[in-house]
Amino acid sequence: MRYKLHIGVVLLVVAVFGFGAWLNLRQSEPAEGTSVGGMVLGVDIGGPFELTDQTGATFTDRDLAGEYALIYFGYTYCPDVCPTELGQMAAAIDELGADGARVRPVMITIDPQRDTPKVLAEYVPLFHERLVGLTGTEAEIRDVAKAYRVFFRKFEDPSYTDYLMDHTSFVYLLAPNGKVAGMFRYGTPPEDIAAAIRQHMRSNS
Amino acid sequence: MIRTLIAALTVLLTVSAAQAHEEKTGDLVISHPWTRATASTQKVGAVFMKIENHGNSADRLIGASSPDAETVEVHGHFMDGDVMRMRRVDGVVVPAEGTATLAPGGYHIMLIGLKALLLEETQIELTLEFEHAGKIEIDAIVEAPSYQGPGKGMGSMKTGTHGMNK
């Protein structure tokens, strides 16, 4: 009787592991949320967008084709988290040395009401000479944020001097094929971001 | 080699600056208060610092004011899942024989309605208000726009110069 119970347990364990292995085989893409070296992989996000850059010119996803891009969604009225992340992005690009020239830093505002091209033109060079600042209509920003699954919401309270924006704070790595290769959580060190980009460059060259 | 030397020099300078840059009142010691340089279109800034309490009773930072900003508030960032929410707070507790750190991603003093551009390597005046210690006047150093905090630098020397490329 005890012997049969043991066999039962062994069969159950084999079945569970087998099912797990089968599931794993079925998914050739890494599971969503898998994190390798600070980069979250397997996120099926991104897509085409048409926005306006800091010079007032139209800027679309096609302008980034063939090169890497680090994309951050933030706003200039944010004195703390956004400059920190933009600084980390710039540091990651510097960390890459010569390969850094293949990576374009991009900031997309989630606060188009305040962040006009003129405001962005003054702001973006503070962080990187090649940083592109993108804005658009409320609808255009809503669409690109939706495509990247960026959450943002205006926080207004009569006791506050001005409105603030609640938002998710990720840096997205766009590969030269236009697909999002992964994303980095707030606070990922620039060396880790650079290492993930270098690894992606090596395995796709 | 030169880069290493520059980095070492920067660390030395930062350390000595941080040591020299300290304000002591009663039991409270405020060290290296800093903010970031701004663009002319930026009307807000954040001031960060470390507040040490050598006394045996807790104190609380309840407010601040500055001649350089129309409004000054104490703010904090709160992570709600992956969403960053910046909110005003009633105060920041400085525990007895402990430290309160105001750093990016956590608490900061928010300068709203900046009256002038914050230029790198200048200073801004700030009066902190504590529940028990009362008012303490400090000068915050304006660092590079991408400065990450004492000991963290700006990731690299090159990044720091971007602010001057204008």
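Let's start with a strand pair in chain A. Strand S3, residues 50-53, and strand S7, residues 132-135, run antiparallel and are joined by two bridges. Strands pair here if DSSP finds at least two bridges between them. Helices (H or I, at least four residues) and strands (E, at least two) are DSSP runs, numbered from the N terminus. In this pair, A:Thr52 stands opposite A:Thr135 of S7(A).

A word on conventions. This is a predicted model, in which local features need pLDDT of at least 70 and side-chain atom pairs count only at pLDDT 80 or more, while totals for chains, interfaces and linings use all residues. Residues are numbered from 1 along each chain as its sequence is written, and chains are lettered from A and ligands numbered from 1 in the order in which they are written.

Back to S3(A). Strand S4 of chain A, residues 58-60, also runs antiparallel to S3(A), with three bridges. Here A:Thr52 stands opposite A:Thr58. So which residue does A:Thr52 face in S7(A)? That is A:Thr135, as I said. S3(A) and S4(A) form a hairpin, with four residues between them. In the turn, A:Gly56 has a positive phi of about 95°.

Now chain A as a whole. Its secondary structure comes to five helices and eleven strands. The chain has 205 residues, and 41% of them are buried. Buried means 20 or more other C-beta atoms within 10 Å of the residue's own, exposed means 12 or fewer, and partly exposed is in between, with C-beta atoms placed from the backbone. Take the contacts between residues at least 6 apart in sequence: 66% of these in chain A join residues at least 24 apart. A contact requires C-beta atoms, placed from the backbone, within 7 Å of each other.

Next, helix packing. Two packed helices are described by the angle between their axes and the distance between the axes. In chain A, helix H2 (residues 81-95) packs against helix H5 (residues 190-203) at about 50°, with the axes 8 Å apart. The axes are lines fitted to C-alpha atoms, for helices over the stretch in contact, and angles run from 0 to 180 degrees between N-to-C directions. H2(A) and H5(A) are therefore oblique to each other. The cut-offs: under 35 degrees is roughly parallel, over 145 roughly antiparallel, 65 to 115 roughly perpendicular, and the rest oblique. Who makes the contact? From H2(A), it is A:Gln88, A:Ala91, A:Ala92 and A:Glu95. From H5(A), it is A:Pro190, A:Glu191, A:Ile193 and A:Ala194. By class, these residues divide into five nonpolar, one polar and two charged. Nonpolar covers Ala, Val, Leu, Ile, Met, Phe, Trp, Tyr, Cys and Pro; charged covers Asp, Glu, Lys and Arg; the others, Gly among them, are polar.

On to the interface. 35 residues of chain A are in contact with 34 residues of chain B. On the chain A side, the elements giving two or more residues are H2, helix H3 (117-123) and strand S9 (164-168). H2(A) gives the largest share, ten residues. That side of chain A divides into 17 nonpolar, ten polar and eight charged residues. S9(A) pairs in the antiparallel sense with strand S6 of chain B, residues 83-88, over two bridges. A:His167 has B:Met84 as its bridge partner in S6(B).

Chain B itself. It comes to two helices and eleven strands. From the N terminus on, the order is α-β-β-β-β-β-β-β-β-β-β-β-α. Of its 166 residues, 39% count as buried.

One residue there to look at: B:Leu128, in strand S10 (residues 123-130) of chain B. Why does B:Leu128 count as buried? Because it has 27 C-beta neighbours inside 10 Å. Leaving out residues up to four places away in sequence, B:Leu128 touches B:Leu61, B:Ala64, B:Lys135, B:Ile136 and B:Ile138.

Last, backbone angles. Most residues other than glycine have a negative phi. A:Arg149 has a positive phi, near 55°. A:Arg149 sits in the loop between helix H4 (138-147) and strand S8 (152-155) of chain A. With 16 C-beta neighbours inside 10 Å, A:Arg149 counts as partly exposed. In chain B, the phi of B:Glu121 is positive, near 70°. B:Glu121 lies in the loop between strand S9 (107-114) and S10 of chain B. Is B:Glu121 buried or exposed? Exposed, with 9 C-beta neighbours inside 10 Å.

Note on methods. Two residues are in contact if their C-beta atoms, placed from the backbone, lie within 7 Å.
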